[in-house]
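This report goes through one protein chain, element by element. Please look at the sequence and the structure first.

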Amino acid sequence: MKKFLLQCKNIPTEPILRFLEKLDGEWANHYFRDDKDVHNAMPPAVSDKLVLAKMRVLIRKGYVDGCDCGCRGDFVITEKGKEYLKKLVNTKYNLAKEEEG
Ligand SMILES: [Zn+2]
């Protein structure tokens, strides 16, 4: 059996963006272990290194603004990130309507 490895793609993007959206422009970090730490929005098994890797992916996609060098991070959601969340809600709504028939 192949060992399950937790990778960036296994960490859901939505809760992270929702978390940043809720902070409403206040800087999030990735190691203070306070209520602005993005760890709060990820599965508990995720390593610190992977947390940063995930944030790097979100920054590269343009959903998040901030720094992934290992410093505090100062992560905030971008307009593109907010759009992503809006689209997600619409998609879920449409799927639910389809199921209803
Ligand atoms: Zn930095």
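## Terms and model

The model described here is predicted.

## The chain as a whole

The protein chain contains 3 helices and 2 strands. Read from the N terminus, these elements follow the order α-α-β-β-α. The C-alpha trace spans about 50 × 45 × 25 Å along its principal axes.

Of the 101 residues in the protein chain, 22% are buried. Contacts between residues at least 6 apart in sequence include a share of 44% that join residues at least 24 apart.

## Helix 1

Helix 1 covers residues 13-23, and its buried residues are Thr13, Ile16, Leu17, Phe19 and Leu20. Viewed down the axis of helix 1, these buried residues fall within an arc of 155 degrees, so they line one face of the helix. Glu14 and Lys22, on the other side of helix 1, are exposed.

What covers the buried residues of helix 1? The cover includes helix 2, strand 1, strand 2 (76-77) and helix 3. After helix 1 comes Asp24, which has a positive phi, near 55 degrees.

## Gly62 and its surroundings

Gly62 sits in the loop that runs between helix 2 (48-61) and strand 1 (64-65). A residue is buried at 20 or more C-beta neighbours within 10 Å and exposed at 12 or fewer. Gly62 has 13 such neighbours inside 10 Å and therefore counts as partly exposed.

Which residues does Gly62 contact, leaving aside its neighbours within four places in sequence? They are Thr78 and Lys80. As for Val51, Gly62 is 11 residues from it in sequence, and the two are 17 Å apart in space, C-alpha to C-alpha.

## Helix 3

Is helix 3 largely in the open or largely buried? The number of buried residues among the 22 of helix 3 is 1, so this helix lies largely in the open. Even so, helix 3 is among the elements that cover the buried residues of helix 1.

Methods:
Residues are numbered from 1 along each chain as its sequence is written. This is a predicted model: local features need pLDDT of at least 70, side-chain atom pairs count only at pLDDT 80 or more; totals for chains, interfaces and linings use all residues. Helices (H or I, at least four residues) and strands (E, at least two) are DSSP runs, numbered from the N terminus. Two residues are in contact if their C-beta atoms, placed from the backbone, lie within 7 Å. The arc is that of the directions from the helix axis to the C-beta atoms.
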